[in-house]
Amino acid sequence: MKALGRRQWLAALALTAALAGCATPPRPADAGPDVWVGRLALKVDSTRPQSFAAGFELRGSATAGELLLTSPLGQTLAQVLWSPQGAELRQGDQVTRRGSLDELTTELTGTAVPVQALFDWLRGASTEAAGWQADLAGFADGRIQAQRRSPQPAAELRIIVRP
């Protein structure tokens, strides 16, 4: 049960696999500056290496928002909701709640994910995050890469945002 949650979250922040041939859900009609749609992959080189990839729709900010993860065929894999009151991961009938998005991401992925920096990267700002190095060279083409070398475990996040 916990492994499934971890795997689904990795899809979310998956933030290594290239999904070039996979379908992505259509961009919502109300998509604006605080909505991103695309694909992501995350690889974590933990003692039991993990990687996952999925389509995503991200709304909001580091403070409050929603992340919807989808399969290549558009099926909902998981939904993550967060606010100043806490964060939760929904997978079908299963709900995992934690006090913050940072706490939830660390528990599920085994590594700290730089949520504030991630939102800045999606806006094209090269914000620094402890241990992470973002590569925004492909930003104009909707591509973002970020790597973490320390502290361990190392992690790699790849994002492709649809126009």
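Which residue forms a salt bridge with Arg-98, and how far apart are the closest N and O atoms? The partner of Arg-98 is Glu-107, and the closest N and O atoms are 2.5 Å apart. A salt bridge is a side-chain nitrogen of Lys or Arg within 4 Å of a carboxyl oxygen of Asp or Glu.

## Basis of the report

The structure is a predicted model, in which local features need pLDDT of at least 70 and side-chain atom pairs count only at pLDDT 80 or more, while totals for chains, interfaces and linings use all residues. Residues are numbered from 1 along each chain as its sequence is written, and side-chain values use heavy atoms, with hydrogens and water left out.

## Overall architecture

The protein has three helices and nine strands. Both are DSSP runs numbered from the N terminus: helices are H or I runs of at least four residues, and strands are E runs of at least two. Along the sequence, the pattern reads α-β-β-β-β-β-β-α-α-β-β-β.

Of the 163 residues in the protein, 44% are buried. Buried means under 20% relative accessible area, exposed means over 50%, and partly exposed lies in between (1.4 Å probe, protein chains only).

In soluble globular proteins, nonpolar side chains tend to be buried together. Here, the largest nonpolar core has 33 residues. Such a core is a set of buried Ala, Val, Leu, Ile, Met, Phe, Trp, Tyr and Cys residues joined through side-chain atoms within 4.5 Å. Phe-56, Leu-58, Trp-82, Trp-121, Leu-122 and Ile-159 have the most contacts inside this core. Helix α3 (residues 115-122) gives the most to the core, with six residues.

Seven of the eight residues of α3 are buried, so this helix is largely enclosed by the rest of the structure. Among the buried residues are Val-115, Phe-119 and Trp-121. Just after α3, Gly-124 takes a positive phi of about 90 degrees. Leu-58 touches residues that include Trp-36, Trp-82, Phe-119 and Leu-122, not counting residues up to four places away in sequence; contact means heavy atoms within 4.5 Å.

## Aromatic pairs

The whole structure contains two aromatic pairs. Rings of Phe, Tyr and Trp (its six-membered ring) pair if their centres lie within 6.5 Å; planes under 30 degrees apart count as stacked, over 60 as edge-to-face and the rest as tilted. Trp-36 and Phe-119 form an edge-to-face pair, 5.7 Å centre to centre with 70 degrees between the planes. Trp-36 lies in strand β1 (residues 35-45) and Phe-119 in helix α3, so the pair ties together parts that are 83 residues apart in sequence. Both Trp-36 and Phe-119 are buried, and ring pairs link Trp-36, Trp-82 and Phe-119 into a cluster.

## Charged residues

The structure holds seven salt bridges. In the bridge between Glu-88 and Arg-97, the closest N and O atoms are 3.1 Å apart. Glu-88 counts as buried at 12% relative accessibility, whereas Arg-97 is exposed at 56%. A network of salt bridges links Glu-88, Arg-90 and Arg-97.

Arg-148, in strand β8 (residues 143-148), is buried yet has no salt bridge. The nearest side chain of opposite charge, Asp-45, is 9.8 Å away; Lys and Arg count as positive and Asp and Glu as negative, with His and the chain ends not counted. The side chain of Arg-148 reaches the backbone oxygen of Pro-153 at 2.8 Å, and a polar atom of this side chain lies 2.9 Å from the backbone oxygen of Pro-151.

Methods. Polar contact = N/O pair within 3.5 Å; in protein donor to acceptor, adjacent residues only side chain to side chain.
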